[in-house]
Amino acid sequence: MITLLLLIAAPSQEDRATPLFIAAQNGHSLVLKLLLAAGASADAARNDGATPLWIAAQMGHDHVVKILLHNGAFIDAVRCDGATALFKAAHKGHSAVVHELLKFRPNLGPLANGETALHAAVMFGHLPIVKQLIAAGSDATIANQDGYTPLQLARQQKLASVHQYLKEREQQQQHAGGGTPKRGAGPATQSKTPASKGAAPSVAITG
């Protein structure tokens, strides 16, 4: 136990990653539980702002994500690039992680990077996650920092199945009296119209 407590208090000198962060990154749920029981912080962030929950979401460790959430991990913590755990799971295509995160009502709207998790899922063609996010209440009419709604992004990226699904959803909303696309609360330098035809959309994703 003394050794365990010493480990808890000894983050990496290079990036400040704690033993709990490393356990989360590698999917070591038993070690994670021991560290949490010994008092390790579920939200101790690395230098770049990534938390244990964030890294577990990126790596697709849904069992670790579940443990951290039930131990009070902050679901909307962001890395330095503005990405949350949900955004990263949507980007990577980790449907099981998205499922666990959605149980705790994460932010579905625009992030500081001007994007939404739905944009990330669309950009990489993850249709199952697109459906999960829509079912959870994600707003498909929000445009990102380049002026693209998820539907426009799917068309630009030539993602036929995603585009068809979102188009059908849009038509259903129009029949039900839905509104027109609206802008997200992104950076002040956002363009007011979609990027020029042929230009690559810049969904803000790193790492």
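Along its sequence, the protein chain follows the pattern α-α-α-α-α-α-α-α-α-β-α-α-β, with 11 helices and two strands (DSSP runs of H or I over at least four residues and of E over at least two, numbered from the N terminus). The model is predicted, with local features requiring pLDDT of at least 70 and side-chain atom pairs pLDDT 80 or more, whereas totals for chains, interfaces and linings use all residues. Residues are numbered from 1 along each chain as its sequence is written, and side-chain values rest on heavy atoms, without hydrogens and water.

Of the 207 residues, 45% are buried (under 20% relative accessible area with a 1.4 Å probe, protein chains only).

The axes of helix α5 (residues 62-70) and helix α7 (residues 95-102) come within 9 Å and cross at roughly 15 degrees (lines fitted to C-alpha atoms over the stretch in contact, with angles from 0 to 180 degrees between N-to-C directions). Helix α5 is therefore roughly parallel to α7 (angles under 35 degrees). Asp62, Val65, Lys66 and Leu69 of α5 meet Ala96, Val97, Glu100 and Leu101 of α7 in this contact (heavy atoms within 4.5 Å). Beyond its neighbours within four places in sequence, Leu101 contacts Leu53, Val65, Leu69, Ile75, Ala85, Leu86, Ala89 and Pro106.

Methods:
Parallel < 35°, antiparallel > 145°, perpendicular 65-115°, else oblique. Buried < 20%, exposed > 50% of the residue type's maximum accessible area, 1.4 Å probe, protein only.
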